[in-house]
Amino acid sequence: MNQVAELTTSVLNVLAPTLRGLLGAADRLAVVTTDTTELARSVTAAVAGRKLAADAGLTPDQIGHAGSFPLVLELAADADVAQATTAAVMNFREQHGTDPIIVVLPGQAVLAAGADLAAARTALAAFLENREAPEHHRPPVTSGAAGRMSGKVVMVTGAAQGFGLGIATELLAQDATVVLADLNIELARQQAAELAATYGHGRAVAVRVDVSDEHSQLAAVAEVVALFGGLDVFISNAGVLRADGVMTQPVADFDLVTAVNYRGYFLGVRAVAPVLAAQHAARPQVWSDIIEINSKSGLEGSKRNFAYAGSKFGGIGLTQSFALELVEYGIKVNAICPGNYLDGPLWTDPERGLFVQYLRAGKVPGATTVAEVRSFYESKVPIGRGCLPSDLAKAVYYVVDQQYETGQAVPVTGGQNMLN
Ligand SMILES: NC(=O)c1ccc[n+]([C@@H]2O[C@H](COP(=O)([O-])OP(=O)(O)OC[C@H]3O[C@@H](n4cnc5c(N)ncnc54)[C@H](O)[C@@H]3O)[C@@H](O)[C@H]2O)c1
């Protein structure tokens with residue numbers, strides 16, 4: 001067997017998003033899943049290193065399944081991956097009058113396209129098992145009537161619990177596919193398994209990420225690209241809060257809040273933007289979204305909570321600047337600024353939640369119970385209640401649907417913060 005170099009992340013990060021665009025429908029991208037297992041490499045190794053007709057080395061069933069031929073793509077080491085992939089797909093269309101479902105990189109990988117992960121996996125398994133694929137995955141991508149987030153792959157950081165999990169759940173109910181990215185991978189996996197049991201296999205997956213770590217962000221995005229070919233909406237939601245006075249806050253606490261909330265947002269955008277740009281280059285009419293879950297503390301200073309407020313104000317500066325820079329790649333960038341999620345774990349955790357912390361610290365004058373602390377915070381909201389994930393999901397639909405806005409900070413505070 002010829003020795004074939006491994007498929008690198010830098011090649012796949014262009015190849016898969018380009019295929020998502022090329023093999024998508026008018027208004028949505030395909031899911032393109034990649035298999036680099038020993039089986040995939042050995043099935044395709046037979047055609048490695050040879051000049052090929054599109055079907056050489058593959059069995060008749062693999063060639064003919066579901067009426068489709070595989071596209072065999074041999075990328076030279078110095079190839080412009082997007083250009084070579086586009087040319088190969090154009091050529092395939094001319095020859096076969098249709099789009100490929102299976103793309104073979106001889107000895108390296110098999111990629112399969114579908115409307116969603118389940119369809120792509122079905123095609124992939126059929127190809128690898130050398131049998132006819134069921135008809136239902138053909139055509140690969142259609143724009144059928146469905147929920148507001150239909151066809152969108154949404155990656156949410158900090159989604160093992162709280163707002164992130166709530167937003168992911170809301171978007172799933174609107175037919176999105178969601179990636180729960182979190183440092184707490186055990187909890188993220190458990191939540192993804194529960195959501196997948198309700199909404200379907202492959203509709204919710206978990207990936208590990210430490211948003212404050214450059215390499216971890218890149219690895220998480222590479223995992224998403226290998227699974228789905230890319231993503232449509234990146235929600236930078238992971239955040240931490242360490243409240244203290246400026247004369248007493250440990251520097252390490254300030255650094256942690258800054259590293260997760262501010263630096264983490266930059267590192268996430270840095271990791272996903274090239275993938276979103278490659279998709280857009282392949283299908284310019286489809287745009288993507290980056291959304292930062294910011295805070296009302298990004299719009300107004302917060303007493304004895306300056307590290308958090310500073311990181312969130314900084315997030316608005318990043319949002320506006322990213323929006324200006326990334327518009328040419330078809331990427332909108334907006335922040336959503338929630339009020340307090342008084343029913344969420346950040347507030348209600350019986351040990352470390354903000355209700356008990358504020359009660360112990362005497363932050364609410366006269367309050368002697370958690371219930372009194374809670375009603376104090378509710379009374380500050382004109383609409384009279386805390387913010388819910390369903391409130392945030394409506395803001396997500398707005399910024400995603402909107403084709404004529406970017407760089408905004410959308411308050412969702414029940415009237416507590418009003419823009420000038
Ligand atoms: N809860 C609120 O009242 C409120 C109000 C306004 C804005 N927000 C913002 O909403 C976002 C979510 O807050 P929440 O209340 O749901 O928080 P939460 O504490 O309930 O959940 C945060 C999640 O982020 C994860 N996380 C923490 N550090 C991480 C890291 N380095 N890498 C990856 N994941 C990490 C945690 O494991 C957890 O699952 C935050 O950005 C927060 O600032 C929250």
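Biologist: What makes you say that H8 is in contact with H9?

Modeller: In this predicted model, Glu-214, Gln-217, Leu-218, Val-221 and Val-225 of H8 meet Gly-264, Leu-267, Gly-268, Arg-270, Ala-271, Val-272 and Val-275 of H9. Contact means heavy atoms within 4.5 Å, so these residues qualify.

Biologist: How many residues of each class does the contact of H8 with H9 have?

Modeller: Seven are nonpolar, three polar and two charged. Glu-214 and Arg-270 count as charged because Glu and Arg belong to that class.

Biologist: How do the axes of H8 and H9 cross, and is the crossing left-handed or right-handed?

Modeller: The axes of H8 (residues 214–228) and H9 (residues 251–282) come within 9 Å and cross at roughly 35°. The crossing is right-handed, which means that the near helix is turned clockwise from the far one.

Biologist: What makes Val-209 and Lys-312 qualify?

Modeller: A polar backbone atom of Val-209 is 3.4 Å from a ligand nitrogen, and an N or O atom in the Lys-312 side chain is 2.9 Å from a ligand oxygen.

Biologist: How much of the ligand does the protein bury?

Modeller: Taken alone, the ligand exposes 840 Å², and the protein buries 92% of that.

Methods:
Residues are numbered from 1 along each chain as its sequence is written. This is a predicted model: local features need pLDDT of at least 70, side-chain atom pairs count only at pLDDT 80 or more; totals for chains, interfaces and linings use all residues. Side-chain values use heavy atoms; hydrogens and water are left out. A polar contact is a pair of N or O atoms within 3.5 Å; within protein, one must be able to donate a hydrogen and the other to accept it, and residues adjacent in sequence count only if both atoms are side-chain atoms. Accessible areas come from the Shrake-Rupley method with a 1.4 Å probe; for residues, only the protein chains shown count as cover. Axes are lines fitted to C-alpha atoms, for helices over the stretch in contact, and angles run from 0 to 180 degrees between N-to-C directions. Helices (H or I, at least four residues) and strands (E, at least two) are DSSP runs, numbered from the N terminus.
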